[in-house]
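Subject: Structure handover

Hello,

Here is the structure I promised to pass on. My notes follow below it.

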Amino acid sequence: MKPYSFCPICGTGLDQAMIEGRERKFCPSCSWIHYINPVPVAIAYTVNRNDELLVVRRAHEPAYNEWSLPGGFLEAGEEAEEGCLRELMEETALEGTIDSLIGIYHREVELYGSLLVLAYRVVVADDTIAINHELFDAGFYPQHLIPEVRIPLHQDIIKAASLYESVQ
Ligand SMILES: [Zn+2]
């Protein structure tokens, strides 16, 4: 992410100073301060009735063409669970229900900066998939046949979910 150079409120060139314990850009004209906060993302670790895991092959950056778990950015005014199920629906046409929160993660991504990731375990009754333009492919796989997921965050979520399932 490129840093702001000008104030988004009044257009004045920004200065930088130590503000509340961090170097932050601020506007010397209107006093706007550029707080940089993580952007929330919801990820859906989705299983069908046979406990097969849904993995999708991404058709966009970051991680173009990589197998991953579905998910995306939360919208303003949306509950995290809603956003998680909405993303799943948009990408795969699957109607899921939230089973549990797997974990909360923080990641720095070049394209978007700081991300706060909420990973949910989602279950679907009907596993008929229709992918949208964001994906090349999607399918439910038994644990031993899951295509290789190479995104470290998604590996961590899968590992955490498997540990959770093994103690149920
Ligand atoms: Zn300003």
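L101 sits in strand β8 (strands are DSSP E runs of at least two residues, helices H or I runs of at least four, numbered from the N terminus). This is a predicted model: local features need pLDDT of at least 70, side-chain atom pairs count only at pLDDT 80 or more, and totals for chains, interfaces and linings use all residues. Residues are numbered from 1 along each chain as its sequence is written, and side-chain values use heavy atoms, without hydrogens or water.

**Surface**

L101 is partly exposed, at 43% relative accessible area (buried is under 20%, exposed over 50%, partly exposed in between; 1.4 Å probe, protein chains only). With I104 and L116, L101 forms a nonpolar patch on the surface. Together they have about 250 Å² of accessible area (Shrake-Rupley, 1.4 Å probe, only the protein chains shown as cover). Nonpolar side chains (Val, Leu, Ile, Met, Phe, Trp, Tyr) are joined within 5 Å, like charges within 9 Å.

**Cores**

The largest nonpolar core has 18 residues (buried Ala, Val, Leu, Ile, Met, Phe, Trp, Tyr and Cys, joined through side-chain atoms within 4.5 Å). β4, β5, β9 and α2 each give two or more residues to this core. A second, separate core has 16 residues, including Y120 and A138.

**Helix α1**

α1 covers residues 80–92. Its buried residues include C84 and L88. Just after α1, A93 takes a positive phi of about 65 degrees.

Best wishes

Key:
Expected span 1.5 Å × (residues − 1). Patch = residues over 30% accessible without salt bridge, like charges linked within 9 Å, V, L, I, M, F, W, Y side chains within 5 Å. Salt bridge = Lys/Arg side-chain N within 4 Å of Asp/Glu carboxyl O.
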